[in-house]
Amino acid sequence: MKKIGIIMGSDSDLPIVQKAVDMLKSLEIPYEVHIYSAHRTPMEAHDFASNARANGFGAIICAAGMAAHLAGAIAANTTLPVIGIPCKGGMMDGMDALLSTVQMPTGIPVATVAINGAANAALLCAQILAVEDKALADKLDAKRKSDAAKVLEKDATIAANL
Ligand code: RP5
């Protein structure tokens, strides 16, 4: 199976990124985690993206806050799918990162999840890999069913108690 690259702009993003790591772990998808910044370590970010396909990655998650250019900078140097997580923080509470991540020019797409939407970023990567992987697709179907069952269990509890 292809690996997922998880890159964050700073170790201060880790509490948000952890949910993506946990999700990939629970689905038994291999991953590699790095701290590369579009601004502080642009050469390392460039090298990672340029070599990612040859290095066995299937998609790349990029988490960054504030002037969040990391996902765009990575996407500029690979045609692998890039999923951006805008991280909450700074004076605009994540709106700055959301707009910086999502407003990409035509030709260089970044699939942007919600502010702090790390679990969905991992699920989207899993769904991309599952296009060619029946066992993973079955796991994702089972997760959907189990998530739905949990909601229905809560529905039964609330209906009985209120
Ligand atoms: C961004 O700036 C990082 O992704 C982080 O969200 C934010 C603040 O970084 P630190 O100053 O905490 O390292 O590039």
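Tutor: The questions below concern a predicted model, and they take up the sheet, the aromatic residues, the ligand and some individual loop residues.

Student: In what order do the five strands form the open sheet?

Tutor: Strands of a sheet pair through backbone hydrogen bonds, either parallel or antiparallel. Here the pairing is parallel. S2 and strand S5 (111–112) are the edge strands, each pairing on one side only. The order of the open sheet is S2-S1-S3-S4-S5.

Student: Which residue of S2 is the bridge partner of Gly5?

Tutor: Strand S1 (residues 3–8) and S2 run parallel and are joined by five bridges. The partner of Gly5 in S2 is Glu32.

Student: How many bridges pair S1 with S3?

Tutor: Lys3 has Phe57 as its bridge partner in S3. S1 and S3 pair in the parallel sense, and the number of bridges is six.

Student: Which residue in S4 is the bridge partner of Ala63?

Tutor: S3 also pairs with strand S4 (residues 82–87), in the parallel sense and over six bridges. In S4, the partner of Ala63 is Ile85.

Student: How many of the nine residues of S3 are buried?

Tutor: A residue counts as buried when its relative accessible area is under 20%. By that criterion S3 is mostly covered. The number of buried residues in S3 is eight.

Student: Are the rings of Tyr36 and Phe48 stacked, edge-to-face or tilted?

Tutor: The structure holds two aromatic pairs. In the pair of Tyr36 and Phe48, the ring centres are 5.8 Å apart and the planes stand at 50 degrees. Planes under 30 degrees apart would count as stacked and planes over 60 as edge-to-face. The angle of 50 degrees therefore makes the pair tilted.

Student: How many residues apart in sequence are the parts that the pair of Tyr36 and Phe48 ties together?

Tutor: Tyr36 lies in the loop between strand S2 (31–35) and helix H2 (42–51), whereas Phe48 lies in helix H2. Both Tyr36 and Phe48 are buried. The parts that this pair ties together are separated in sequence by 12 residues.

Student: Which residue lies over the face of Phe57?

Tutor: Phe57 forms one aromatic cluster with Tyr36 and Phe48. The residue over the face of Phe57 is placed at 4.3 Å from the ring centre. The bridge partner of Phe57 is that residue too: Lys3.

Student: What percentage of the ligand's exposed area does the protein bury?

Tutor: The residues surrounding the ligand are Gly9, Ser10, Ser12, Asp13, Arg40, Ala64, Gly65 and Met66. Oxygen atoms of the ligand lie 2.7 Å from a side-chain N or O atom of Ser12, 2.6 Å from a side-chain N or O atom of Asp13 and 3.0 Å from a backbone N or O atom of Gly65. Taken alone, the ligand exposes 370 Å², and the share buried by the protein is 71%.

Student: Is Glu28 buried or exposed?

Tutor: Glu28 lies in the loop between helix H1 (14–26) and S2. Phi of Glu28 is near 60 degrees, a positive value in a residue other than glycine. With a relative accessible area of 59%, which is over the 50% cut-off, Glu28 is exposed.

Student: What distance separates the C-alpha atoms of Ala20 and Ala135?

Tutor: Ala20 is found in helix H1 and is buried, with a relative accessible area of 0%. Along the chain, Ala20 and Ala135 are 115 residues apart. Their C-alpha atoms are separated by 20 Å.

Student: Which residue has its backbone nitrogen reached by the side chain of Thr78?

Tutor: Thr78 lies in the loop between H3 and S4. A relative accessible area of 13% is under the 20% cut-off, so Thr78 is buried. The side chain of Thr78 reaches, at 3.0 Å, the backbone nitrogen of Leu80.

Key:
Residues are numbered from 1 along each chain as its sequence is written. This is a predicted model: local features need pLDDT of at least 70, side-chain atom pairs count only at pLDDT 80 or more; totals for chains, interfaces and linings use all residues. Side-chain values use heavy atoms; hydrogens and water are left out. Rings of Phe, Tyr and Trp (its six-membered ring) pair if their centres lie within 6.5 Å; planes under 30 degrees apart count as stacked, over 60 as edge-to-face and the rest as tilted. Helices (H or I, at least four residues) and strands (E, at least two) are DSSP runs, numbered from the N terminus. Buried means under 20% relative accessible area, exposed over 50%, partly exposed in between (1.4 Å probe, protein chains only). A charge sits over a ring if NZ of Lys or CZ of Arg is within 6 Å of the ring centre and within 35 degrees of the ring normal. A residue is near a molecule or strand if one of its heavy atoms lies within 4 Å of it. A polar contact is a pair of N or O atoms within 3.5 Å; within protein, one must be able to donate a hydrogen and the other to accept it, and residues adjacent in sequence count only if both atoms are side-chain atoms. Accessible areas come from the Shrake-Rupley method with a 1.4 Å probe; for residues, only the protein chains shown count as cover. Two strands pair if DSSP finds at least two bridges between them.
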